[in-house]
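Student: I have a model open and would like to go through it piece by piece. Can you take my questions as they come?
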Amino acid sequence: MPFIKCQQVVKAYKVADHEIVALRGIDFEMEQGEMVAIIGPSGAGKSSLMNLLGGLDTPTAGKLLVGEQNLLELKGRRLAEYRLRQVGFIWQMVSQNLLAHRSALANVTLPMMLAGVPVWRRRRQARALLERVGLQAHLHKRPGQLSGGQQQRVAVAVALANTPQLLLADEPTGALDRTNARQVMDLLNDLRRTLHLTVLLVTHDLEVAAHADRILTLRDGALAQDMSGREAQGPRLDDAGRIQLPPGVQTRLAEADRIAVEIRPEGVLLRPEVAEADHTDALLQDMLPQDVPPEKRRWFGRGRRKKP
Ligand SMILES: Nc1ncnc2c1ncn2[C@@H]1O[C@H](COP(=O)(O)OP(=O)(O)OP(=O)(O)O)[C@@H](O)[C@H]1O
Ligand SMILES: [Mg+2]
(Lines give C-alpha, C1' and ligand atoms only; values in the text may rest on other atoms or scores of the structure.)
(Ligands and ions follow the chains in the order given, each with its own letter.)
Protein backbone atom coordinates (compact mmCIF):
# COMPACT_ATOMS: atom_id res chain seq x y z
CA MET A 1 0.00 0.00 0.00
CA PRO A 2 1.53 3.38 -0.93
CA PHE A 3 1.62 5.97 1.87
CA ILE A 4 0.34 8.79 -0.35
CA LYS A 5 -2.08 8.21 -3.16
CA CYS A 6 -3.42 11.03 -5.37
CA GLN A 7 -5.93 9.99 -7.97
CA GLN A 8 -7.08 12.40 -10.66
CA VAL A 9 -6.74 15.35 -8.29
CA VAL A 10 -8.11 18.57 -9.74
CA LYS A 11 -7.83 21.94 -8.02
CA ALA A 12 -9.68 24.94 -9.41
CA TYR A 13 -9.77 28.36 -7.74
CA LYS A 14 -12.74 30.58 -8.28
CA VAL A 15 -11.67 34.14 -9.00
CA ALA A 16 -14.45 36.67 -9.63
CA ASP A 17 -16.58 35.06 -12.36
CA HIS A 18 -14.08 32.56 -13.72
CA GLU A 19 -12.01 29.61 -12.55
CA ILE A 20 -8.28 29.00 -12.61
CA VAL A 21 -7.35 25.33 -12.84
CA ALA A 22 -4.11 24.89 -10.88
CA LEU A 23 -4.04 21.05 -10.97
CA ARG A 24 -5.48 19.13 -13.92
CA GLY A 25 -5.84 15.55 -12.74
CA ILE A 26 -2.75 14.59 -10.74
CA ASP A 27 -1.96 10.88 -10.35
CA PHE A 28 0.85 10.26 -7.96
CA GLU A 29 1.97 7.81 -5.27
CA MET A 30 4.65 7.83 -2.59
CA GLU A 31 5.97 5.07 -0.37
CA GLN A 32 6.50 5.60 3.32
CA GLY A 33 10.04 6.84 3.98
CA GLU A 34 10.51 8.11 0.45
CA MET A 35 11.79 11.58 -0.42
CA VAL A 36 10.35 13.08 -3.58
CA ALA A 37 11.21 16.46 -5.06
CA ILE A 38 8.80 18.40 -7.26
CA ILE A 39 10.27 20.94 -9.62
CA GLY A 40 8.42 23.17 -12.04
CA PRO A 41 7.99 26.75 -13.18
CA SER A 42 6.22 29.43 -11.17
CA GLY A 43 2.45 29.00 -11.25
CA ALA A 44 2.69 25.29 -12.16
CA GLY A 45 0.60 24.29 -9.14
CA LYS A 46 3.32 23.10 -6.74
CA SER A 47 2.08 24.97 -3.66
CA SER A 48 -1.51 24.06 -4.54
CA LEU A 49 -0.57 20.36 -4.37
CA MET A 50 1.29 20.83 -1.08
CA ASN A 51 -1.68 22.66 0.46
CA LEU A 52 -4.01 19.81 -0.50
CA LEU A 53 -1.69 17.19 1.02
CA GLY A 54 -1.32 19.27 4.16
CA GLY A 55 -5.08 19.45 4.62
CA LEU A 56 -4.99 23.25 4.24
CA ASP A 57 -7.26 23.16 1.20
CA THR A 58 -9.62 20.67 -0.44
CA PRO A 59 -9.48 19.39 -4.03
CA THR A 60 -12.21 20.28 -6.50
CA ALA A 61 -12.26 16.65 -7.68
CA GLY A 62 -10.31 13.42 -7.23
CA LYS A 63 -9.12 11.27 -4.38
CA LEU A 64 -6.38 11.99 -1.87
CA LEU A 65 -5.16 9.34 0.58
CA VAL A 66 -2.44 9.84 3.19
CA GLY A 67 -1.76 6.76 5.30
CA GLU A 68 -5.14 5.23 5.97
CA GLN A 69 -6.99 8.51 5.67
CA ASN A 70 -9.06 9.89 2.88
CA LEU A 71 -8.37 13.61 3.20
CA LEU A 72 -11.69 14.48 1.57
CA GLU A 73 -13.53 12.83 4.43
CA LEU A 74 -11.64 14.70 7.16
CA LYS A 75 -13.65 17.60 8.55
CA GLY A 76 -13.60 19.86 11.61
CA ARG A 77 -11.77 18.38 14.58
CA ARG A 78 -10.35 15.40 12.69
CA LEU A 79 -8.92 17.67 10.01
CA ALA A 80 -7.38 19.95 12.66
CA GLU A 81 -5.84 16.87 14.32
CA TYR A 82 -4.42 15.73 10.98
CA ARG A 83 -2.76 19.12 10.46
CA LEU A 84 -1.45 19.27 14.00
CA ARG A 85 -0.09 15.75 14.44
CA GLN A 86 0.33 13.95 11.16
CA VAL A 87 1.87 16.46 8.85
CA GLY A 88 4.67 18.99 9.30
CA PHE A 89 5.10 22.04 7.05
CA ILE A 90 8.13 24.10 6.13
CA TRP A 91 7.55 27.19 4.01
CA GLN A 92 9.87 29.05 1.69
CA MET A 93 9.58 32.38 3.50
CA VAL A 94 11.78 31.94 6.54
CA SER A 95 9.64 34.47 8.44
CA GLN A 96 6.46 32.47 7.71
CA ASN A 97 7.69 29.46 9.70
CA LEU A 98 8.38 31.08 13.06
CA LEU A 99 6.79 33.54 15.45
CA ALA A 100 9.16 36.51 15.75
CA HIS A 101 8.46 37.27 19.42
CA ARG A 102 9.08 33.71 20.66
CA SER A 103 12.46 32.09 21.28
CA ALA A 104 13.54 29.06 19.22
CA LEU A 105 12.53 26.85 22.16
CA ALA A 106 9.12 28.53 22.54
CA ASN A 107 8.49 28.18 18.79
CA VAL A 108 9.09 24.44 18.99
CA THR A 109 6.99 23.95 22.14
CA LEU A 110 3.99 25.79 20.62
CA PRO A 111 2.62 22.96 18.41
CA MET A 112 3.15 20.56 21.33
CA MET A 113 1.16 22.88 23.58
CA LEU A 114 -1.68 22.88 21.03
CA ALA A 115 -1.52 19.07 21.02
CA GLY A 116 -1.86 18.99 24.83
CA VAL A 117 1.65 17.74 25.66
CA PRO A 118 2.44 18.46 29.37
CA VAL A 119 4.74 21.41 29.93
CA TRP A 120 7.74 19.48 31.31
CA ARG A 121 7.65 17.00 28.48
CA ARG A 122 7.35 19.61 25.74
CA ARG A 123 10.36 21.53 27.04
CA ARG A 124 12.41 18.33 27.16
CA GLN A 125 11.34 17.22 23.66
CA ALA A 126 11.86 20.70 22.16
CA ARG A 127 15.39 20.84 23.58
CA ALA A 128 16.14 17.40 22.13
CA LEU A 129 14.78 18.44 18.71
CA LEU A 130 16.77 21.68 18.65
CA GLU A 131 19.85 19.72 19.65
CA ARG A 132 19.09 17.33 16.79
CA VAL A 133 19.14 20.21 14.29
CA GLY A 134 22.38 21.52 15.78
CA LEU A 135 21.01 24.55 17.64
CA GLN A 136 21.58 23.60 21.26
CA ALA A 137 23.53 26.84 21.74
CA HIS A 138 20.67 29.00 20.49
CA LEU A 139 17.62 27.78 22.42
CA HIS A 140 16.68 31.14 23.84
CA LYS A 141 17.31 33.32 20.81
CA ARG A 142 14.43 34.83 18.88
CA PRO A 143 14.31 34.32 15.06
CA GLY A 144 15.68 37.84 14.44
CA GLN A 145 18.82 36.88 16.37
CA LEU A 146 19.47 33.82 14.16
CA SER A 147 20.80 33.48 10.60
CA GLY A 148 18.45 32.43 7.76
CA GLY A 149 19.88 28.91 7.78
CA GLN A 150 19.54 28.62 11.55
CA GLN A 151 15.94 29.86 11.34
CA GLN A 152 15.12 27.21 8.73
CA ARG A 153 16.63 24.58 11.01
CA VAL A 154 14.37 25.81 13.83
CA ALA A 155 11.51 25.54 11.30
CA VAL A 156 12.44 21.89 10.71
CA ALA A 157 12.25 21.31 14.49
CA VAL A 158 8.85 23.08 14.64
CA ALA A 159 7.54 20.95 11.76
CA LEU A 160 8.66 17.78 13.55
CA ALA A 161 7.43 18.85 17.01
CA ASN A 162 4.47 16.47 17.10
CA THR A 163 6.37 13.63 15.35
CA PRO A 164 4.43 13.68 12.05
CA GLN A 165 4.81 10.90 9.50
CA LEU A 166 4.79 13.30 6.56
CA LEU A 167 6.93 16.37 6.05
CA LEU A 168 5.90 18.85 3.36
CA ALA A 169 8.56 21.40 2.49
CA ASP A 170 7.65 24.13 -0.02
CA GLU A 171 10.95 25.62 -1.19
CA PRO A 172 12.63 25.07 2.20
CA THR A 173 15.96 26.34 0.89
CA GLY A 174 14.61 29.04 -1.44
CA ALA A 175 15.85 31.89 0.73
CA LEU A 176 19.20 30.30 1.66
CA ASP A 177 22.69 30.42 0.19
CA ARG A 178 24.28 27.24 -1.12
CA THR A 179 26.07 26.25 2.09
CA ASN A 180 22.97 26.70 4.25
CA ALA A 181 20.78 25.01 1.64
CA ARG A 182 23.10 22.00 1.68
CA GLN A 183 23.03 21.87 5.48
CA VAL A 184 19.22 21.95 5.59
CA MET A 185 19.01 19.21 2.94
CA ASP A 186 21.56 17.03 4.78
CA LEU A 187 19.48 17.50 7.91
CA LEU A 188 16.23 16.53 6.16
CA ASN A 189 17.91 13.45 4.70
CA ASP A 190 19.30 12.44 8.08
CA LEU A 191 15.92 12.91 9.81
CA ARG A 192 14.16 11.01 7.08
CA ARG A 193 16.44 8.02 7.52
CA THR A 194 16.34 7.94 11.30
CA LEU A 195 12.65 8.85 11.80
CA HIS A 196 11.40 7.02 8.68
CA LEU A 197 9.76 10.25 7.56
CA THR A 198 8.11 10.62 4.20
CA VAL A 199 9.31 13.90 2.68
CA LEU A 200 7.78 15.78 -0.24
CA LEU A 201 9.63 18.92 -1.18
CA VAL A 202 9.22 21.61 -3.78
CA THR A 203 12.27 23.34 -5.17
CA HIS A 204 13.54 25.38 -8.08
CA ASP A 205 17.05 24.14 -7.41
CA LEU A 206 18.25 20.99 -9.18
CA GLU A 207 21.08 20.50 -6.68
CA VAL A 208 18.51 20.43 -3.87
CA ALA A 209 16.24 18.11 -5.87
CA ALA A 210 19.14 15.71 -6.38
CA HIS A 211 18.91 14.76 -2.67
CA ALA A 212 15.54 13.10 -3.36
CA ASP A 213 14.88 9.51 -4.41
CA ARG A 214 12.71 10.73 -7.26
CA ILE A 215 12.20 13.99 -9.10
CA LEU A 216 8.81 14.86 -10.56
CA THR A 217 8.13 17.83 -12.78
CA LEU A 218 4.91 19.77 -12.51
CA ARG A 219 4.02 21.91 -15.46
CA ASP A 220 0.67 23.59 -16.12
CA GLY A 221 -0.99 21.54 -13.41
CA ALA A 222 0.20 18.13 -14.74
CA LEU A 223 2.88 15.85 -13.27
CA ALA A 224 5.59 14.03 -15.15
CA GLN A 225 8.43 11.86 -13.95
CA ASP A 226 11.99 12.67 -14.86
CA MET A 227 13.10 9.25 -16.14
CA SER A 228 16.72 10.13 -16.81
CA GLY A 229 17.63 10.26 -13.10
CA ARG A 230 16.22 6.78 -12.43
CA GLU A 231 18.48 4.89 -14.76
CA ALA A 232 22.11 4.15 -14.03
CA GLN A 233 22.87 5.41 -17.50
CA GLY A 234 20.97 8.48 -18.67
CA PRO A 235 20.18 9.22 -22.32
CA ARG A 236 23.20 10.00 -24.50
CA LEU A 237 23.41 11.64 -27.89
CA ASP A 238 26.03 9.95 -30.12
CA ASP A 239 28.02 11.50 -32.98
CA ALA A 240 25.43 10.39 -35.54
CA GLY A 241 22.66 12.25 -33.66
CA ARG A 242 21.12 9.09 -32.18
CA ILE A 243 19.81 9.06 -28.63
CA GLN A 244 19.92 5.89 -26.59
CA LEU A 245 16.92 6.18 -24.29
CA PRO A 246 16.98 4.64 -20.81
CA PRO A 247 15.29 1.18 -20.72
CA GLY A 248 12.32 2.44 -18.62
CA VAL A 249 11.52 5.06 -21.25
CA GLN A 250 11.94 2.52 -24.07
CA THR A 251 9.39 0.23 -22.41
CA ARG A 252 6.84 3.04 -22.14
CA LEU A 253 7.31 4.04 -25.76
CA ALA A 254 7.29 0.45 -27.01
CA GLU A 255 3.82 -0.05 -25.53
CA ALA A 256 2.43 2.81 -27.64
CA ASP A 257 0.89 2.49 -31.09
CA ARG A 258 2.70 5.60 -32.22
CA ILE A 259 5.23 8.07 -30.85
CA ALA A 260 4.46 11.76 -31.24
CA VAL A 261 7.41 14.15 -31.30
CA GLU A 262 6.82 17.78 -30.36
CA ILE A 263 9.34 20.58 -30.24
CA ARG A 264 8.38 22.86 -27.37
CA PRO A 265 10.06 25.98 -25.95
CA GLU A 266 11.32 23.93 -22.99
CA GLY A 267 12.68 21.01 -25.07
CA VAL A 268 11.69 18.02 -27.17
CA LEU A 269 8.77 15.89 -26.03
CA LEU A 270 8.35 12.22 -26.98
CA ARG A 271 4.76 11.24 -26.29
CA PRO A 272 3.45 7.68 -26.49
CA GLU A 273 0.08 7.65 -28.24
CA VAL A 274 -2.38 4.80 -28.02
CA ALA A 275 -5.58 3.92 -29.87
CA GLU A 276 -7.04 6.33 -32.43
CA ALA A 277 -10.14 7.03 -30.33
CA ASP A 278 -8.03 8.12 -27.37
CA HIS A 279 -6.00 10.34 -29.62
CA THR A 280 -9.14 12.10 -30.86
CA ASP A 281 -10.36 12.44 -27.28
CA ALA A 282 -7.06 14.01 -26.26
CA LEU A 283 -7.29 16.47 -29.15
CA LEU A 284 -10.85 17.39 -28.22
CA GLN A 285 -9.78 17.76 -24.62
CA ASP A 286 -7.08 20.21 -25.67
CA MET A 287 -9.67 22.27 -27.49
CA LEU A 288 -11.93 22.63 -24.46
CA PRO A 289 -11.52 25.72 -22.30
CA GLN A 290 -8.73 24.71 -19.91
CA ASP A 291 -9.64 27.13 -17.17
CA VAL A 292 -12.63 25.01 -16.21
CA PRO A 293 -12.16 21.63 -14.46
CA PRO A 294 -13.47 18.63 -16.43
CA GLU A 295 -16.45 18.00 -14.17
CA LYS A 296 -17.56 21.61 -14.52
CA ARG A 297 -17.48 21.59 -18.33
CA ARG A 298 -21.16 21.12 -19.04
CA TRP A 299 -23.76 22.59 -21.21
CA PHE A 300 -26.46 24.82 -19.86
CA GLY A 301 -29.91 24.87 -21.48
CA ARG A 302 -30.65 28.01 -23.46
CA GLY A 303 -34.34 28.30 -22.67
CA ARG A 304 -35.52 29.92 -19.47
CA ARG A 305 -37.19 27.64 -16.99
CA LYS A 306 -40.88 28.30 -16.83
CA LYS A 307 -42.10 29.57 -13.51
CA PRO A 308 -44.53 27.15 -11.88
N1 LIG B 1 -5.83 31.12 -3.54
C2 LIG B 1 -5.78 31.23 -4.86
N3 LIG B 1 -6.76 31.85 -5.54
C4 LIG B 1 -6.72 31.95 -6.88
N5 LIG B 1 -5.75 31.45 -7.65
C6 LIG B 1 -4.73 30.83 -7.04
C7 LIG B 1 -4.70 30.69 -5.61
N8 LIG B 1 -3.57 30.01 -5.29
C9 LIG B 1 -2.93 29.75 -6.46
N10 LIG B 1 -3.63 30.24 -7.51
C11 LIG B 1 -3.28 30.10 -8.94
O12 LIG B 1 -3.08 28.72 -9.21
C13 LIG B 1 -1.95 28.53 -10.06
C14 LIG B 1 -0.92 27.66 -9.34
O15 LIG B 1 -0.42 28.37 -8.22
P16 LIG B 1 0.63 27.76 -7.20
O17 LIG B 1 0.80 28.72 -6.08
O18 LIG B 1 0.21 26.39 -6.84
O19 LIG B 1 1.94 27.71 -8.10
P20 LIG B 1 3.46 27.33 -7.73
O21 LIG B 1 3.86 26.24 -8.66
O22 LIG B 1 3.56 27.05 -6.27
O23 LIG B 1 4.23 28.67 -8.10
P24 LIG B 1 5.55 29.34 -7.39
O25 LIG B 1 6.74 28.56 -7.89
O26 LIG B 1 5.53 30.73 -7.92
O27 LIG B 1 5.36 29.28 -5.92
C28 LIG B 1 -1.45 29.92 -10.40
O29 LIG B 1 -2.02 30.28 -11.64
C30 LIG B 1 -1.96 30.79 -9.29
O31 LIG B 1 -2.19 32.10 -9.73
MG1 LIG C 1 4.56 28.00 -4.67
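**Notes on the model**

Tutor: Let me start at the end of a helix: H4 is followed by Gly-116, whose phi is positive, near 80°. Helices here are DSSP runs of H or I with at least four residues, strands are E runs of at least two, and both are numbered from the N terminus.

Student: What should I know about the numbering and the model?

Tutor: Residues are numbered from 1 along each chain as its sequence is written, and chains are lettered from A and ligands numbered from 1 in the order in which they are written. This is a predicted model, where local features need pLDDT of at least 70, side-chain atom pairs count only at pLDDT 80 or more, and totals for chains, interfaces and linings use all residues.

Student: Back to H4. Which of its residues are buried?

Tutor: In H4 (residues 104-114), they are Ala-104, Leu-105, Asn-107, Val-108, Thr-109, Pro-111 and Met-112. Buried means that 20 or more other C-beta atoms, placed from the backbone, lie within 10 Å of the residue's own; exposed is 12 or fewer, and partly exposed is in between.

Student: And what covers them?

Tutor: The cover includes helices H2 (76-86), H5 (119-132) and H6 (148-159).

Student: Which residues have the most contacts inside the largest nonpolar core?

Tutor: Val-108, Leu-130, Ala-157 and Leu-168, in a core of 67 residues. Such a core is a set of buried Ala, Val, Leu, Ile, Met, Phe, Trp, Tyr and Cys residues joined through C-beta atoms within 7 Å.

Student: What does Ala-157 touch?

Tutor: Leaving out residues up to four places away in sequence, Ala-157 touches Val-108, Leu-129, Leu-130 and Val-133. Contact means C-beta atoms, placed from the backbone, within 7 Å.

Student: Switching to strands. Is S3 mostly covered or open?

Tutor: Mostly covered: five of the five residues in S3 (residues 35-39) are buried. Met-35, Ala-37 and Ile-39 lie on one side, with Val-36 and Ile-38 on the other.

Student: Why two sides?

Tutor: Side chains in a regular strand alternate between the two faces of the sheet.

Student: Which strands pair with S3?

Tutor: S3 pairs in the parallel sense with S8 (residues 198-202) over four bridges, and with S9 (residues 214-219), also parallel and over four bridges. Pairing requires at least two DSSP bridges between the strands. Ala-37 stands opposite Leu-201 in S8, while Val-36 has Arg-214 of S9 as its bridge partner.

Student: Last topic, ligand 1. Which element supplies the largest share of its shell?

Tutor: H1, with three residues.

Methods
Contact = placed C-beta atoms within 7 Å.
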